[in-house]
Amino acid sequence: VQLQASGGGLVQAGGSRRLSCAASGSVFRINVMGWYRQVPEKSRELVALITDAGTRYGDFVKGRFTISRDKAKNTAYLQMNSLKPEDTAVYYCNEDGFKDRYYNSFDSWGQGTLVTVSS
């Protein structure tokens, strides 16, 4: 299963950006869709994830970001509002689930999309 992330770019502080992550290939069911981010010399950190049970966000999000999904399109979205310069990072999407009805699993990462927030 391949993930294609898109939507990164340059945005001014206080602005908004919407990221998308589309899964392609053999997808039977997606259990978890998530977004992570990473800056140089730091570990990758959770931004948000969504499951059938609900959503979870990193502490730094503080109501600014919203994760959503379109199950029919196997696509996850991350709406980011009130962006700050410290949100500058490469954002990666991650999805895990099953490839077929025999429950062969997958855990895939997108290629990363850079979001730069200027002050």
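Predicted model: local features only at pLDDT ≥ 70, side-chain atom pairs only at ≥ 80, totals over all residues.
Me: What makes D52 and R29 a salt bridge?
Reply: The closest N and O atoms of D52 and R29 are 3.7 Å apart. The cut-off is within 4 Å between a Lys or Arg side-chain nitrogen and an Asp or Glu carboxyl oxygen, so the contact qualifies. The structure holds six salt bridges.

Me: Why is R29 called partly exposed?
Reply: R29 has 41% relative accessibility. Buried means under 20% and exposed means over 50%, so a value in between is partly exposed.

Me: Which salt bridge joins D52 and K71, and where do the two residues lie?
Reply: The side chains of D52 and K71 meet at 2.9 Å, N to O. D52 is in the loop between β5 and β6, and K71 is in the loop between β7 (65-70) and β8 (75-80), 19 residues apart. Shared partners join R29, D52, R69 and K71 into one salt-bridge network.

Me: Is K71 buried or exposed?
Reply: K71 has a relative accessible area of 51%. The limit for exposed is over 50%, so K71 is exposed.

Me: How do you know that R37 is buried, and what does R37 contact?
Reply: The relative accessible area of R37 is 7%, and buried means under 20%. R37 forms a salt bridge with E45, with the closest N and O atoms 2.8 Å apart. E45, at 33% relative accessibility, is partly exposed. R37 also lies over the face of F60, at 3.7 Å from the ring centre.

Me: Which ring does R18 lie over?
Reply: R18 lies over the face of Y77, at 4.0 Å from the ring centre.

Me: Why is the pair of F28 and Y103 called edge-to-face?
Reply: The ring planes of F28 and Y103 are at 90 degrees, with the centres 6.5 Å apart. Planes over 60 degrees apart count as edge-to-face, and centres must lie within 6.5 Å, so the pair is edge-to-face. F28 sits in the loop between β3 (17-24) and β4 and Y103 in the loop between β9 (89-98) and β10 (105-109), so parts 75 residues apart in sequence are tied together. F28, F98 and Y103 form one aromatic cluster.

Me: What makes the pair of Y36 and W109 tilted?
Reply: The ring centres of Y36 and W109 are 5.1 Å apart and their planes are at 55 degrees. Stacked is under 30 degrees and edge-to-face over 60, with the rest tilted, so this pair is tilted. Y36 is in strand β4 and W109 in strand β10, 73 residues apart. W109 is partly exposed, at 40% relative accessible area.

Me: Why do β1 and β7 stand at the edges of the open sheet?
Reply: The sheet has four strands in the order β1-β3-β8-β7, with antiparallel pairing. β1 (2-6) and β7 each have a single partner strand, so one side of each is left without a neighbour in the sheet.

Me: How do you know that β1 and β3 pair?
Reply: β1 and β3 pair in the antiparallel sense over five bridges. At least two bridges are required, so the strands count as paired. L3 has A23 in β3 as its bridge partner.

Notes: Residues numbered from 1 in each chain as written. Heavy atoms only, no water. Buried < 20%, exposed > 50% of the residue type's maximum accessible area, 1.4 Å probe, protein only. Phe/Tyr/Trp six-rings, centres within 6.5 Å; stacked < 30°, edge-to-face > 60°. Lys NZ or Arg CZ within 6 Å of the ring centre and 35° of its normal.
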